[in-house]
Amino acid sequence: MNKDKLFHQKLAVIYDLYLAKAKRKGRTEQEVQTILCWLCGYEQTQLQALLQSDADFISLFTNAPCMQPKRLQIKGAICGVRIEEIEDPLMRDIRCLDKLIDELAKGKPLDKILRS
């Protein structure tokens with residue numbers, strides 16, 4: 001998938017994929033929402049409104065109330081690319097979210113995922 005197409009993916013569609021991945025591994029929707037709220041600084045009601053709108057990845061991240069500074073601590077590979085080497089800030093944030101959901105699905109405790 002090219003970068004531009006990924007940036008314009010509807011958040012609700014991607015969220016459903018994240019949720020399905022988490023649930024297959026015995027995790028909850030609340031945990032997925034907690035990760036999204038932690039990363040972007042949204043309140044639950046704001047996140048719900050985004051999921052019900054036509055929001056895409058661009059609007060999720062560019063309109064985020066307060067991006068989590070600890071997201072810069074997220075390291076590792078996702079889709080064969082090292083997160084810390086991604087230069088485009090939006091792509092890096094998207095891949096950080098992917099990595100957090102992967103960690104959730106792999107059974108990592110939520111406090112460790114949130115870099116507490």
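**View 1. Confidence along the chain of this predicted model.** The chain has an average pLDDT (the predictor's confidence in each residue, from 0 to 100) of 94, and 98% of its residues score at least 70. Confidence is lowest in helix H1 (residues 3-7), at a mean of 82, and highest in helix H3 (residues 29-40), at 98. Helices are DSSP runs of H or I with at least four residues, numbered from the N terminus. Residues are numbered from 1 along each chain as its sequence is written. Local features need pLDDT of at least 70 and side-chain atom pairs count only at 80 or more, while totals for chains, interfaces and linings use all residues; side-chain values use heavy atoms, without hydrogens and water.

**View 2. Packing of helix H2 (residues 11-24) with helix H6 (residues 89-105).** Their axes (lines fitted to C-alpha atoms over the stretch in contact, with angles from 0 to 180 degrees between N-to-C directions) are 8 Å apart, at an angle of about 20°. That makes H2 roughly parallel to H6 (under 35 degrees). In the contact (heavy atoms within 4.5 Å), H2 contributes Tyr 18, Lys 21 and Ala 22, and the residues from H6 include Ile 94, Leu 97 and Asp 98.

**View 3. Lining of the largest pocket.**

**View 4. Packing of H3 with helix H4 (residues 44-52).** The two axes lie 10 Å apart and form an angle of about 100°. H3 and H4 are therefore roughly perpendicular to each other (65 to 115 degrees). Gln 30, Gln 33, Leu 36 and Cys 37 of H3 meet Gln 44, Leu 47 and Gln 48 of H4.

Conventions: Helix = DSSP H or I, 4+ residues; strand = E, 2+ residues; numbered from the N terminus. Parallel < 35°, antiparallel > 145°, perpendicular 65-115°, else oblique. 1 Å grid on protein atoms, 1.4 Å probe; cavity = no way out; pocket = protein on both sides within 12 Å on 5 of 7 lines; lining within 4 Å.
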